[in-house]
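Here is a short note to read with the model open beside you. Take the points one at a time, and find each residue on the screen before moving on.

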Amino acid sequence: MRAHIRQEIDQVVPVDAKEDHAKHAALRWVDSGAQLCRLEKPANPPQHLVSYFVLVDEEHVLLVDHINAGLWLPSGGHVECGEHPRDTVRREVLEELRVSAQFIHEGPVFLTMTETVGKTAGHIDVSLWYVLRGYRDAPIDFDRSEFNSIRWFHREQLPFDRSDPEMGRFVRKLYG
């Protein structure tokens, strides 16, 4: 599986020097033989792989009001041992939003290495960001044990001050 994860990371085309640095750091991390998946909540090992997914409907993006983080975030989850990051997306979108994954791009479009905040602060998430087709007019039955609410935001009205610190860079890359 390590080779598949490396391949997912390697196909990301960096938008800027920060993403290029993250990509090369992530590739070194994968090549080091380190444990890639979280074994125990919240931070064992202290750096682990996450698959984010963003539902997009034209110029609107779906974010979740995440209970633990206290932020508006893309949905996602930790990659389990032996699981391909795209399979994590498929599993998590069903669990969290109860919809099927419809990938707009087969591979990840963005990569970040971010220190977490909120109740689980203090570890590094190596996050692959995938883009899924969403439908603003379709009802979504979300996981209320993880999220206070969900909301479609126009890309120009995203709550950047209460979101993932890399959300602005992601949106700029996605919409060019």
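1. Let us start with a rule about rings: those of Phe, Tyr and Trp (taking the six-membered ring of Trp) count as a pair if their centres lie within 6.5 Å. With that in hand, look for Y52, F110, W129 and F170, which form one aromatic cluster. Please keep in mind that this is a predicted model. By the pairing rule, the count comes to 6 aromatic pairs.

2. Now zoom in on one of these pairs. A pair of aromatic rings is described by the distance of the centres and the angle of the planes. For F110 and F170, the centres are 5.8 Å apart and the planes meet at 55°, so this pair is tilted. Where do F110 and F170 lie? F110 belongs to strand β5 (residues 110-115) and F170 to helix α4 (residues 167-175), so the pair ties together parts that are 60 residues apart in sequence. Both F110 and F170 are buried.

3. Stay with F170 for a moment. Its place is in helix α4, and its relative accessibility is 1%, so F170 counts as buried, the limit being under 20%. Which residues does F170 touch, if those up to four places away in sequence are not counted? They are V54, V109, F110, W129 and V131.

4. Next, turn to the helices at the start of the chain. Two packed helices are described by the angle between their axes and the distance between the axes. Helix α1 (residues 2-10) and helix α2 (residues 17-31) pack at about 170°, and their axes are 10 Å apart. Angles over 145 degrees count as roughly antiparallel, so α1 is roughly antiparallel to α2. On the α1 side the contact is made by R2, I5, R6, I9 and D10, and on the α2 side by K23, A26, L27, W29, V30 and D31. Sorted by class, the contact of α1 with α2 has 6 nonpolar, no polar and 5 charged residues.

5. If its neighbours within four places in sequence are left aside, L62 is in contact with L55, L97, I140, I150, R151 and W152. The C-alpha atoms of L62 and F160 are separated by 13 Å, and these two residues are 98 apart along the chain.

6. W152 is found in strand β7 (residues 147-154). Is W152 buried or exposed? At 17% relative accessibility, W152 counts as buried. Beyond its neighbours within four places in sequence, W152 is in contact with L55, V56, D57, H60, V61, L62, G134, Y135 and R136. L55 is 97 residues from W152 along the chain, while their C-alpha atoms are separated by 9.0 Å.

7. R136 is one of the residues that W152 contacts. The place of R136 is in the loop between β6 and β7, and at 36% relative accessibility R136 counts as partly exposed. Not counting residues up to four places away in sequence, R136 touches D57, E58, H60 and W152.

8. Finally, check two backbone angles. E58 lies in the loop between β1 and β2 and has a positive phi of about 55°, although it is not a glycine. E58 is exposed, with a relative accessible area of 61%. R98, in the loop between α3 (85-97) and β5, also is a residue other than glycine with a positive phi, near 55°. At 42% relative accessibility, R98 counts as partly exposed.

Key
Residues numbered from 1 in each chain as written. Predicted model: local features only at pLDDT ≥ 70, side-chain atom pairs only at ≥ 80, totals over all residues. Heavy atoms only, no water. Axes fitted to C-alpha atoms, helices over the stretch in contact; angles between N-to-C directions. Helix = DSSP H or I, 4+ residues; strand = E, 2+ residues; numbered from the N terminus. Parallel < 35°, antiparallel > 145°, perpendicular 65-115°, else oblique. Contact = heavy atoms within 4.5 Å. Nonpolar A, V, L, I, M, F, W, Y, C, P; charged D, E, K, R; others polar. Phe/Tyr/Trp six-rings, centres within 6.5 Å; stacked < 30°, edge-to-face > 60°. Buried < 20%, exposed > 50% of the residue type's maximum accessible area, 1.4 Å probe, protein only.
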